[in-house]
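Please keep the sequence and the 3D view at hand while reading.

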Amino acid sequence: MEAKTIEALSTTEQQVAAWSWTDFAGLGLIFHIILMIVMTLRIVSVQRNIGVAIAWIAVLFTLPIFGLIAYVLVGEPMIGRRYRQRMDQARLLMNEMAQRERLVFDEGQEVLPTHYRGVSHIGTRWTGFGVFSNHEMQLLTHANIIFKRLIDDINAAQRSILMEFYIIYPKGQVLDVIESLMAAAQRGVECHILIDSVGSFSFFNSKAHRKLEKAGVFVHQSLPVGLFKTLFKRSDLRNHRKIVVIDGYIGYIGSFNLVDPKFFKQNKDVGEWIDVAIRSVSDNDISIANAMAKVVVTDIGAENSDNLDALHQRVNSYTRKLYVRNPTINDINSRIKVLDDGLENVENPCTGAMSTVIPQMPVVKGVVAQLIPSAPQVTAHVIYNTLVTVLHRANHCICITTPYFVPDEALSGALVTAAKRGVKVTLIIPEKVDSFLVQHASQAYYQELLEAGVTIALFKGGLLHAKTVVIDDDYCIFGTVNIDMRSFYLNMEVSLAIYTPEMVAQVAACQDSYLQSCRFLTLDQWQRRHKAERLFDNVIRLFSPLL
């Protein structure tokens with residue numbers, strides 16, 4: 001009896017073992033197929049950009065396990081439900097405050113030429129910022145000049161200093177800025193700095209961070225990351241903005257992080273980073289500086305509940321600080337005069353292998369401009385839509401300066417179409433960048449651009465980090481946005497649309513100076529590359545929407 005029982009159990013175990021080896025494999029295959037179908041349907045239903053969707057599907061089927069994990073972690077622009085709620089509440093607080101103070105931010109299009117009013121409306125619809133007139137602006141083309149201007153303005157600040165940066169690297173002249181901020185805080189100026197937690201990871205572990213907080217400067221960490229947070233929002237959505245607002249009427253915007261190029265990333269073998277910034281001054285009730293202040297304060301309020309509560313409790317105090325009505329024009333003019341005189345002692349900026357001197361730019365009065373901030377799941381794809389629109393509207397010339405050029409089909413098609421219809425299209429990009437994949441993804445687009453007649457100029461004097469687009473000598477996009485899908489769809493960015501030809505001419509003149517230190521590609525030269533190189537570029541291009 002026991003023998004029969006043992007024999008029966010043995011037979012059952014063999015049957016289970018046999019079933020495990022065969023049927024489990026089949027179940028695994030079925031589960032894999034179902035999972036791939038579900039994930040594909042998810043990608044197709046969520047991703048609005050066709051190139052992004054195709055790239056993710058390719059990754060998913062090529063590397064199933066890696067692709068699944070990668071998509072769950074970074075596949076969708078999830079900025080976080082609580083963050084979005086705080087952002088909405090902070091924006092509502094600021095809008096109610098502006099309404100109470102009778103400050104209207106979403107008007108002004110009537111001062112524009114008719115053919116640019118529709119372009120402007122794209123920005124107004126998604127950001128709430130219209131067109132602001134009567135600014136004094138100056139293009140700052142070298143780090144030494146930017147630092148001097150910024151430090152002088154900080155030293156003269158009387159009420160508030162607001163800063164928002166992707167990177168703060170406390171070396172070189174950045175330490176002078178930090179000392180000026182500490183001194184300003186100690187004399188009673190309210191100082192706030194919002195800094196991206198990933199871009200400035202080393203800063204948050206530095207002595208400079210502790211010294212600033214000890215001196216009374218409010219240092220806020222933007223979009224902090226962590227293992228637990230990764231489950232609820234994407235960790236690679238970054239705050240890429242660069243903004244400074246001083247006393248509510250002086251503003252800085254551009255590609256310039258708070259870094260000294262003589263010390264920053266010198267081990268990357270790409271040369272010094274070359275950046276630009278615009279300094280804007282206005283005594284208007286509504287101005288670019290007011291709009292930038294609204295962006296910074298809203299971003300600070302959205303970071304955590306304590307910040308949002310503080311914004312709610314102190315909204316009346318912020319009203320006086322951020323929307324100062326009618327500062328004395330003599331005070332503004334006196335500061336501009338002092339700073340202009342001081343620039344005579346700044347060394348002439350030189351860039352490039354040919355030591356091209358970029359002339360110091362004068363102040364332009366009466367500038368008309370529009371601030372265009374963008375953020376994932378908040379402002380849709382406002383800068384992308386604006387850029388595609390103006391490229392198709394160009395009649396004479398397009399000149400783009402960008403460190404990272406990885407367009408999608410719509411953008412590359414707009415450039416190709418413009419060149420074919422007789423528009424002079426020039427693309428200025430660094431000869432070497434600090435990203436291997438971006439370098440080769442960019443190169444995959446050169447063939448069709450060169451065939452269409454686009455001029456591709458490779459800058460040899462360092463990593464040209466400026467992000468500027470000039471259209472027809474009367475329109476310019478200037479700010480933090482690269483020509484890649486990360487800037488358009490994932491990062492928090494900010495741009496300035498400029499409608500005054502005299503100010504646009506300064507940006508165009510700066511681009512012309514860069515061209516003097518460029519190597520120009522020819523179609524024949526590019527076609528002589530080895531087939532393996534072209535194949536590799538085209539393979540990387542398949543994943544370019546994800547870079």
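Asn-134 is a residue of strand E1, which covers residues 132-140. The model in which it is seen here is a predicted one. The phi angle of Asn-134 is positive, at about 60°, although this residue is not a glycine, and with a relative accessibility of 45% Asn-134 counts as partly exposed. As background, most residues other than glycine have a negative phi.

Asp-473 belongs to the loop that links strand E17 (468-471) with strand E18 (475-479), and its relative accessibility of 46% makes it partly exposed. A further positive phi, near 60°, is taken by Asp-247 in the hairpin formed by E5 and E6, where three residues lie between the strands. The table sets out these phi values.

| Residue | Phi |
|---|---|
| Asn-134 | about 60° |
| Asp-247 | near 60° |

**The chain as a whole**

The protein chain holds 21 helices and 21 strands. Of its 547 residues, 56% count as buried. Among the contacts in the chain with a separation of 6 or more, 82% are between residues 24 or more positions apart.

How many of the residues of strand E6 are buried? Strand E6, residues 250-254, is mostly covered, and five of its five residues are buried. Ile-250, Tyr-252 and Gly-254 point one way from the strand, while Gly-251 and Ile-253 point the other way, and burial applies to all of them.

Strand E6 pairs with strand E5 (residues 243-246), to which it runs antiparallel and is joined by four bridges. It also pairs with strand E8 (residues 277-281), again in the antiparallel sense, over five bridges. Tyr-252 takes part in both pairings, for it is the bridge partner of Val-244 and also stands opposite Arg-279 in E8.

Ile-253, also found in strand E6, has a relative accessible area of 3%, and it counts as buried because that value is under the 20% cut-off. Leaving aside residues up to four places away in sequence, Ile-253 touches Lys-242, Ala-277, Ile-278, Met-292, Leu-371, Phe-478, Val-494, Ser-495 and Leu-496. Ile-253 and Ala-289 are separated by 36 residues in sequence, and their C-alpha atoms are 9.5 Å apart in space.

**The largest pocket**

The largest pocket has a volume of about 660 Å³. It is lined by 23 residues, of which Tyr-166, Tyr-404, Ser-435, Arg-486 and Asn-491 are the closest to its centre. Which elements give two or more residues to this lining? They are helix H16 (436-443) and helix H18 (485-490). Sorted by class, the lining comprises eight nonpolar, eight polar and seven charged residues.

Helix H16 is itself mostly covered, with six of its eight residues buried. The buried residues in H16 are Val-438, Gln-439, His-440, Ala-441, Ser-442 and Gln-443.

**Cysteines without disulfides**

A disulfide is a covalent bond between the sulfur atoms of two cysteines. How many disulfides does a search of the whole structure find? The search finds zero.

Cys-191 is another buried cysteine, with a relative accessible area of 1%.

**A residue of helix H2**

Is Ala-53 buried or exposed? Ala-53, which has its place in helix H2 (residues 50-62), counts as buried because its relative accessibility of 10% is under 20%. Ala-53 and Ile-43 are 10 residues apart in sequence, and the distance between their C-alpha atoms is 6.0 Å.

Technical notes
Residues numbered from 1 in each chain as written. Predicted model: local features only at pLDDT ≥ 70, side-chain atom pairs only at ≥ 80, totals over all residues. Heavy atoms only, no water. Disulfide = S-S within 2.5 Å. Buried < 20%, exposed > 50% of the residue type's maximum accessible area, 1.4 Å probe, protein only. Pairing = 2+ DSSP bridges. 1 Å grid on protein atoms, 1.4 Å probe; cavity = no way out; pocket = protein on both sides within 12 Å on 5 of 7 lines; lining within 4 Å. Points joined across faces, edges and corners; volume = space filled by probe spheres on them. Nonpolar A, V, L, I, M, F, W, Y, C, P; charged D, E, K, R; others polar. Contact = heavy atoms within 4.5 Å.
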